[in-house]
Structure formats: C-alpha cells, structure tokens
Amino acid sequence: MLRITSITLHNFGPFKETQSIDLSKKDGVTMIFGENMRGKTTLINAVRYALFGKVLSRGEHEMALHKIGNWEAAKDGEYGFKVILEFEHDGQNYTLTRECKPRSGIEEPKTDLDYTQTHYLKRGSDVLSPADCDATLSRVMPEQVSRFFLFDGELLQQYEELLMNESEMGQDIKEAIERILGVPVLTSARYDMAELKKEAEKKESRTAQKDQQTRELGTQNAAQIEQRTAHEKELDRLKKELTGLKTTKSENEEMVRQNEKTKALLNELENLDSRVKDIDARNKERRERLASMASNAWCWVLKPALEELQEREQKAMATIQSNAAQREFSARVADQIEQALSTSKCQVCSQKIDTKTAKALRAQMAELRAPPQKDGEASLEETVARLKTLREIAGNAGGKDAAIELLFTIEDAQVERTQCQARIGEIREKTKDLDESKLRRIMTAYDKTVQDIAIVDGGIKKEQEALKEIGENIKRIQAELERIGGADLAKERQRRQLCASLGELFDKGVGVYRERLRKKVEQDASKLFLQLTTEPDYASLKINENYGLIIVHKDGDEIQVRSAGAEHVVALSLMGALQRNAPLEGPIVMDSPFGRLDEGHTGRIVKALPSMAKQVLLLVYESELEPQFVRNTLKGDLLREYKIVRKSARHSVLEQSKG
Amino acid sequence: MRRTTKQSTPRENAPAGGKHSDLHETIEALRKDKFPKLPKALVADILRIESENLEDRHAAMADLNEAIENYLSKED
C-alpha cells in the first residue's frame with residue numbers, strides 16, 4: 001500500500017519558500033482547512049506533480065509549468081518550484097523529488113520551454129536508476145488510476161457518464177476502473193498468449209519446411225498464416241475505423257439532437273408567424289365591422305327615448321284611426337236621416353215622419369255632417385311615416401351587444417397576438433446565430449456516418465469469415481502435420497497448444513473476473529451507499545456493464561433521475577468500493593467534496609471516511625465542514641489538522657493546528 | 001532500457017497490493033475446473049509477469065517467452 005508520509009513544497013503555487021505537511025503513519029483522516037483561493041487544489045496538484053510531473057486545472061487540462069511557481073518569489077527573481085513526496089510502499093521508505101527550474105542561461109523564463117525538469121527517487125538512502133524510478137512509480141501509483149486517489153469533489157458528477165453507453169468519458173472512466181481493479185493483467189495475458197501462439201505457429205511452419213516429408217504442408221501453413229496476418233491487420237484497421245465512426249456518430253447524434261430542437265423551434269416560429277398574420281387579418285375585418293356598427297352608436301344612446309316616441313306615435317295612430325271610424329259612422333247615419341227626410345218615412349219601420357221629428361232629425365243630421373275637430377291631430381300618413389322612421393332607428397339600436405362582443409373578441413385576439421410575438425422574440429433570440437446550411441451539413445454528415453458504419457460492419461464480417469476459413473485450413477494442415485511430423489515438430493506443436501490453452505484460460509478468466517468484480521463492487525458500493533445516504537427508501541445500488549451505479553428503491557424500482565447531491569453520494573460509494581477491491585491501495589486525497597451536500601449527508605460521509613481508505617487527506621473550507629464537527633464525528637480517527645493561512649493574495653502558509 | 005524481473009528484488013516482484021489474490025484465486029479456480037492440464041505454477045508466473053509489466057509490453061513478452069521456454073524445457 002502507498003502511504004504518503006510527508007509533502008514538502010518549495011515555491012509551488014501560493015506556497016512560498018519551503019513548507020511541509022507531515023502525515024501520520026497510522027490509519028485515519030488528516031484534515032486541511034483553507035478558504036477559497038488559499039491553495040487546497042494546489043496541494044493535490046503538488047502530489048500529482050511529484051508522482052506524474054503534471055499539474056491539472058479544474059477543467060482537468062494540463063497547466064503550463066510557467067504559471068505554477070510562486071508569484072512573489074518570481075518577483076524576487078526566484079523562478080521554478082520543487083515538490084518532495086515521502087512515502088511508504090510495501091514496507092519500504094521512498095523519497096521522490098521533482099523539480100522544475102529555469103534552463104541555464106535563462107534569467108527570466110517566459111514560457112515552459114525556458115524551464116527544465118528533473119526527478120529522482122530514493123529507496124531508503126539508495127537513489128534508483130531513472131528506469132527503476134519510473135517503473136517503481138508506475139507500480140506504486142499508475143497515472144491512469146490516479147483519478148480514484150487524487151480527486152476534486154466538484155468533478156465527481158463525471159461518474160454519471162458511466163450510465164451512458166458509448167460516452168467517450170464513460171469509456172475512459174470504465175477503462176480506469178478496470179485498470180485499478182486489475183483487469184488489464186488478464187486482458188494483457190490473453191493478448192500476449194495469442195501473440196505467442198502465433199509465434200509458435202510460425203515456428204511450427206518453419207520447422208515443417210525443413211523436413212522433406214512435411215515441407216509442402218509447412219509451406220501451405222506458412223502461406224495461410226501470412227494470409228491470416230494480412231486479414232487480421234485489415235480487421236484491426238476496420239475495427240479502429242468503426243470505433244472512430246461510432247465516436248463521430250455519437251458526436252453527430254448530439255448535434256442532430258440539437259438540430260432537431262432547432263428544427264422544432266423553427267417550425268414553431270413558422271406556425272406563430274402564420275398565427276399572427278391570421279389574427280391581424282381577422283382583427284382587421286372585425287375592426288371594419290365594428291367601425292360600421294359604431295356609425296349607429298348614437299342610436300344605442302337614444303334607444304329609451306325612441307321606445308317612448310314609438311309608443312306615443314302608436315297611440316296617436318290609434319286615435320286617428322278611431323276618429324276616422326267615428327266620422328264614417330256619423331256620415332252613414334246622416335245619409336240615412338237625409339233619405340228618411342226626403343221620403344218623410346222611416347227606413348226601418350216605414351212610419352211617417354212628422355214635422356217635429358223631421359225638424360229634430362234635420363238638426364241631428366246637421367250635427368252629424370258638421371266638419372270634424374282636427375286640432376293638433378296629425379294625418380294618418382304622417383304618423384305611419386314617423387313610426388316607420390322610428391322603427392328603423394330602433395332596429396339599429398339593437399347592435400350594441402354584438403358590437404361589445406366583437407370588441408372583446410378583438411381584445412382577446414390581440415392578447416394572443418402579444419403572446420405569440422413574445423414567443424417569436426424568444427425563438428429569434430435562440431436561433432439568431434443559426435446557420436441553416438450548417439444544420440443541413442450536420443444531417444448529411446450523420447447520414448453518411450451511418451452508411452459508413454454499415455459498410456465497415458460489412459467489411460468486418462467479411463474479414464471474420466475469411467479468418468474463420470483460414471483458421472479451419474490451418475487446423476487441417478496442423479492435424480496433418482501432427483500425423484506425419486517428427487519429434488521437432490512435436491515440440492513446436494506442444495508450445496503452440498500450451499499458448500492456445502493459456503490464451504483460452506485467460507480469455508474465459510477475463511469474463512469471470514469482470515463478473516466477480518462487478519458483483520463485489522456492487523455489494524460494497526451498496527453497503528457504503530446505505531451508510532452515506534439519508535434517504536431510508538433507497539435499498540441498494542445496481543451496477544451496469546460500465547460500472548455505472550443505479551439507485552434502487554426498496555420497492556425494486558430503479559431511480560431514473562437523481563440530484564447532483566445523490567450523484568455525489570453514488571460516486572463516493574463507487575470510490576469506496578473500488579478502494580476496497582483494488583489490488584492497488586493508496587491514499588484518498590479529496591478536495592472540497594461537500595459543496596453539493598446537505599448537513600445530513602456531510603455528517604454521514606465524514607463518519608464513513610476512515611472506512612473508505614486507510615489514509616484519507618481531506619481538503620475543505622471551514623463553512624463546508626466545521627472543524628469541531630469533524631473532531632466530534634471522527635474522534636480518534638482524526639489524526640492531524642492543518643490550516644492554510646493567508647499571508648497575501650499570492651502567499652499562503654501551512655500551519656498545523658492539531659495532532 | 002528494457003526492464004526485466006531479473007533486475008528487481010523479490011519485494012518489487014510482488015503483485016501491487018493484497019487484492020491481486022482475488023484475481024489469482026479466480027484464475028486458479030478456473031484453471032482447476034476447466035484447464036486442469038495447464039501447470040499451476042506457469043499460470044501464476046504469467047499473472048505475476050503481466051502485473052509487473054503492464055507499462056512495458058516488450059519486457060512482458062520477453063519474460064513470458066522465457067517462462068514458457070523454461071516450462072517446456074523442464075517438460076522435456
């Protein structure tokens with residue numbers, strides 16, 4: 001196991017001059033508290049620099065060496081930096097020194113080219129040769145798996161990529177996981193045995209060619225092997241091409257997805273534009289109708305008065321009609337009296353009319369024939385005409401409700417138009433930099449990649465068929481050689497068969513070991529996850545082919561969407577499980593792992609830290625994790641406490657506060 | 001410079017960490033079950049060579065060749 005015993009920095013980042021952290025050789029946790037920008041990430045980078053000669057930025061890009069040295073020291077003319085890492089591994093003490101200094105003759109370095117780097121490793125008091133130094137370092141801590149030992153808590157969400165098939169980062173992480181778990185030992189053994197078997201086959205052919213009896217078969221075998229090599233080369237090339245095409249396809253798919261979103265936005269824009277035009281046209285027509293209705297608006301105001309006038313005119317007309325009927329009746333009666341007077345006989349009873357009666361009748365007749373009193377009485381025609389006009393006007397007064405409804409419709413349509421315009425604005429903003437020809441190019445490229453994949457797939461199948469046929473030919477020739485060959489050939493055959501069997505063993509072993517590892521990682525990660533999570537309804541974690549972990553609810557359902565905090569807890573569970581199952585043991589050096597977590601999860605993780613690795617170095621800021629809380633939680637497992645104290649913006653000092 | 005196991009001490013040759021035993025156990029169980037004729041020591045030797053030489057394929061091939069050659073010569 002690798003255990004860091006001290007880290008010494010000289011002018012590294014904000015750590016001016018020489019400063020050290022001494023770590024306990026006991027199992028437990030060392031805390032380093034420091035506010036933002038004081039140099040917590042720099043400390044991880046110092047370890048990374050010592051081991052691998054690299055310094056990474058937050059985005060995991062390699063940083064220029066020129067930017068790493070202490071700025072105040074550089075101002076005083078002292079350029080460059082140095083890290084000394086002391087560690088124990090398998091009972092041996094090592095001191096690793098890596099230094100970066102200006103090249104001789106360069107007084108004021110400006111770029112990385114102005115620096116030179118050296119490193120050496122001491123085992124006890126012996127300095128190892130450069131080859132042994134590098135070999136030891138790659139055994140103690142291979143760079144490919146360093147992500148599981150030195151990590152930034154903020155980047156833990158990367159592990160979600162393991163849930164996505166064909167994700168490039170997911171594949172990288174999967175390879176690193178398999179590496180830390182020791183799978184490459186088997187995959188390399190499988191590959192090497194296949195290579196050694198091929199070598200043995202070639203030797204077998206050469207030996208056969210030397211003997212008169214087996215020469216022909218040996219030559220045939222050599223030719224078949226040569227053909228097989230050519231097909232294998234082509235198959236390798238095609239497989240690489242396929243991998244490249246699949247990567248391109250997955251990149252294109254992302255762009256196509258974006259493209260589809262954009263296409264949907266453009267369709268929406270088109271629909272909205274047409275809707276706005278439709279609203280405008282309809283409202284124009286509605287407004288014209290409303291304007292026409294408004295020309296009679298005065299009628300709506302006069303409606304009550306009109307109704308009163310109409311009533312009055314109707315009454316007047318009734319009076320005129322009644323008077324006219326009365327006059328007609330009087331005239332008829334007067335005519336009958338006149339006739340009776342002219343004959344001096346009653347028209348009804350034929351009695352003679354005496355003088356007195358005749359006189360009375362004449363008086364009555366005169367009265368009946370008297371001209372009618374028409375003072376103030378309008379003519380029937382005039383009244384009818386007035387009533388007609390009044391009815392026409394009253395008819396117009398009835399359009400008021402329809403006009404109001406029309407007005408509301410116009411207003412509603414206007415509101416809809418405003419909403420459409422707002423959405424149009426949003427879409428135009430989103431698509432302002434849109435290059436439609438680029439979209440078309442992406443779609444064409446995607447279609448072409450899909451076609452190319454099909455072609456390469458076809459090529460691979462063809463090569464595999466050819467290889468199968470050649471393999472059968474070789475087997476047939478080998479069987480024949482076995483039948484007629486001598487002792488020399490038997491020895492070569494034994495080598496070939498041994499390599500073939502070993503290859504088969506390791507081939508099967510890869511599958512069996514992977515499956516066993518997956519089960520163990522799943523079990524250990526689940527156990528740790530249940531210790532870390534505050535959610536009582538979660539039952540376990542389920543592992544996928546890529547070592548991605550899915551949360552399983554106690555009802556058996558898989559939790560499809562998880563928060564950043566949950567992602568963090570799952571990633572830490574994976575880290576812990578890998579540490580427990582990896583052949584390679586080392587310290588966990590973690591930077592700010594609690595930023596996304598609530599108090600409950602933070603407490604549980606702090607409590608679980610000592611079980612995650614034998615040596616844990618935790619770098620946090622105090623508001624992320626209070627020192628007293630850590631002391632109370634870890635108790636005896638808290639070995640030492642350091643604090644990074646600010647001297648200036650470009651100068652931090654490491655101070656031991658406990659232990 | 002090619003690194004071989006001959007240059008290393010026995011301590012260096014030990015598989016990194018204790019959990020390589022899982023890998024060895026898995027392969028040994030498989031060997032016993034499916035490939036009983038394969039020599040146990042040679043299989044263990046191959047795993048050791050591979051775990052020590054992951055970064056150096058040339059060294060791995062040379063050591064593997066040597067291990068197989070030694071085994072075959074002993075068989076003779």
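Predicted model: local features only at pLDDT ≥ 70, side-chain atom pairs only at ≥ 80, totals over all residues.

Reader: Why is α3(B) called roughly antiparallel to α4(B)?

Author: Two packed helices are described by the angle between their axes and by the distance between those axes. Here α3, residues 40–52 of chain B, and α4, residues 57–75 of chain B, pack at an angle of about 165°, and their axes are 9 Å apart. The label is given to angles over 145 degrees, and therefore α3(B) counts as roughly antiparallel to α4(B). As for handedness, the crossing of α3(B) and α4(B) is right-handed.

Reader: What is the pattern of chain B along the sequence, and how many helices and strands does chain B have?

Author: Chain B has four helices and zero strands, and along the sequence the pattern reads α-α-α-α. Of its 76 residues, 28% count as buried. Among the contacts in chain B with a separation of 6 or more, 50% come from residues 24 or more positions apart.

Reader: Which elements give two or more residues to the side of chain B that touches chain A?

Author: In total, 30 residues of chain B are in contact with 29 residues of chain A. The elements of chain B that each give two or more residues to this side are α2 (20–34), α3 and α4, and α2(B) gives the most, with seven residues. Sorted by class, the side of chain B that touches chain A has 18 nonpolar, five polar and seven charged residues.

Reader: Turning to chain A, what makes Arg417(A) partly exposed?

Author: Arg417(A), which lies in helix α10 (residues 400–430) of chain A, has 18 other C-beta atoms within 10 Å. A residue is buried at 20 or more and exposed at 12 or fewer, so Arg417(A), with 18, is partly exposed. With neighbours within four places in sequence left aside, Arg417(A) is in contact with Val276(A) and Ile279(A). The C-alpha atoms of Arg417(A) and Arg275(A) are separated by 7.9 Å, although the two residues are 142 residues apart along the chain.

Reader: How do you know that β9(A) and β10(A) pair, and in which sense?

Author: At least two bridges are needed for a pair, and strand β9 (residues 538–543) of chain A is joined to strand β10 (residues 549–553) of chain A by five bridges, in the antiparallel sense. β9(A) and β10(A) form a hairpin with five residues between them, and Tyr547(A) in the turn has a positive phi of about 75°.

Reader: How many bridges join β6(A) to β7(A)?

Author: Two bridges join β6(A) to strand β7 (residues 126–127) of chain A, in the antiparallel sense, and at least two are required, so β6(A) and β7(A) still qualify as a pair. Lys122(A) stands opposite Val127(A) in β7(A). The hairpin of β6(A) and β7(A) has two residues between the strands, and Gly124(A) takes a positive phi near 65° there. Strand β6 (residues 115–123) is also joined to strand β5 (residues 92–102) of chain A, antiparallel and by nine bridges, with Tyr94(A) opposite Arg123(A) in β6(A).

Methods. Residues numbered from 1 in each chain as written. Chains lettered and ligands numbered in written order. Contact = placed C-beta atoms within 7 Å. Axes fitted to C-alpha atoms, helices over the stretch in contact; angles between N-to-C directions. Parallel < 35°, antiparallel > 145°, perpendicular 65-115°, else oblique. Left-handed = near helix turned anticlockwise from the far one by under 90°. Nonpolar A, V, L, I, M, F, W, Y, C, P; charged D, E, K, R; others polar.
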